[in-house]
Amino acid sequence: MKKMDRLVDDMISSNMLKSPLIIDAFRTIDRKYFVPDEYAEDAYVDAPLPIGNYQTISQPSTVAFMMERLAPQDGNTVLDIGSGSGWTTALLCYIVGDKGSVIGVERVDTLVEQGRENLSKFRFNSHCHIERAGDKLGLPGKQFDRILVSASADETPEELFLQLKIGGILVIPIRESIFKFKKISETQIEKEEFYGFVFVPLIY
């Protein structure tokens, strides 16, 4: 059994991973391809690891927890904010398949290049890519089925609700909690809070 399978099995046993499509993505998109060479031996440890520029690749069980709350589906359009070395972007690309699309956005130029290089190791289509983040949060003017944010905000970024389609889901850390927001209508947002998480800060 390869080490990634063992890590996935542990997350299934601990109830962090449940959905077959998300489980399949974790088995296929090996974390080792997104970890710097100097941390290769720790690629399958359930812990965050440095990826340079004071950023980290998130703890696998935390990524699994967020993916399960996000519930991405085949054919979804997804925005991945704070794509880092590209692991969450790649997981999402696998899940949404050829009919879907994923845009990863990242502020750190070296990580944009690193993430693009890592994505190129997989056979994703042109609808799956990473961009340099602009001056505003997300991609104003566009709307998505799912939005994932992998850095902690100080307060709820209301502007991201405008970037969600009706029925869309936003998963984002705010301070030391992970929040799941579902857009029911243009005026109604459902909210769930899950306590006890630590992330690098969201900067925009």
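Predicted model: local features only at pLDDT ≥ 70, side-chain atom pairs only at ≥ 80, totals over all residues.

User: How do E8 and E9 pair, and over how many bridges?

Analyst: Strand E8 (residues 177–183) pairs with strand E9 (residues 189–195) in the antiparallel sense, over seven bridges. Within that pairing, Phe181 has Lys191 in E9 as its bridge partner.

User: And what is the strand order of the open sheet?

Analyst: The open sheet is formed by seven strands in the order E5-E4-E3-E6-E7-E8-E9, with mixed pairing. Its edge strands are E5 (128–132) and E9, each of which pairs on one side only. On average, and ignoring direction, neighbouring strands of this sheet are turned by 15° against each other.

User: Is the pairing of E6 and E7 parallel or antiparallel?

Analyst: Strand E6 (residues 144–149) and E7 pair in the parallel sense over four bridges, and Ile147 has Leu170 in E7 as its bridge partner.

User: Staying with E7, is Ile174 buried or exposed?

Analyst: Ile174, which lies in strand E7 (residues 164–174), has a relative accessible area of 3% and is therefore buried, the cut-off being under 20%. Apart from its neighbours within four places in sequence, Ile174 is in contact with Ser152, Ala153, Asp154, Glu155, Thr156, Phe179 and Phe181.

User: Now H4: which strands does it lie across?

Analyst: H4 lies across strand E3 (77–81), strand E4 (101–106), E5 and E6, and runs at about 170° to E4. Helix H4 (residues 87–96) is mostly covered, with nine of its ten residues buried; among them are Trp87, Leu91, Leu92 and Ile95. Just after H4, Gly97 takes a positive phi of about 70°.

User: How far apart are Leu91 and Ile174?

Analyst: From C-alpha to C-alpha, Leu91 and Ile174 are 22 Å apart in space, and they are 83 residues apart in sequence.

User: Last topic: at what angle do H1 and H2 cross?

Analyst: The axes of helix H1 (residues 3–13) and helix H2 (residues 20–28) cross at roughly 150° and come within 9 Å. Angles over 145 degrees count as roughly antiparallel, so that is how H1 and H2 run relative to each other. Their crossing is right-handed.

User: Which residues meet there?

Analyst: From H1, Met4, Asp5, Val8, Asp9, Met11 and Ile12 meet Ile23, Phe26 and Arg27 of H2. By class, this contact of H1 with H2 has six nonpolar residues, three charged ones and no polar ones.

Definitions and conventions
Residues numbered from 1 in each chain as written. Heavy atoms only, no water. Buried < 20%, exposed > 50% of the residue type's maximum accessible area, 1.4 Å probe, protein only. Helix = DSSP H or I, 4+ residues; strand = E, 2+ residues; numbered from the N terminus. Axes fitted to C-alpha atoms, helices over the stretch in contact; angles between N-to-C directions. Parallel < 35°, antiparallel > 145°, perpendicular 65-115°, else oblique. Left-handed = near helix turned anticlockwise from the far one by under 90°. Contact = heavy atoms within 4.5 Å. Nonpolar A, V, L, I, M, F, W, Y, C, P; charged D, E, K, R; others polar. Pairing = 2+ DSSP bridges.
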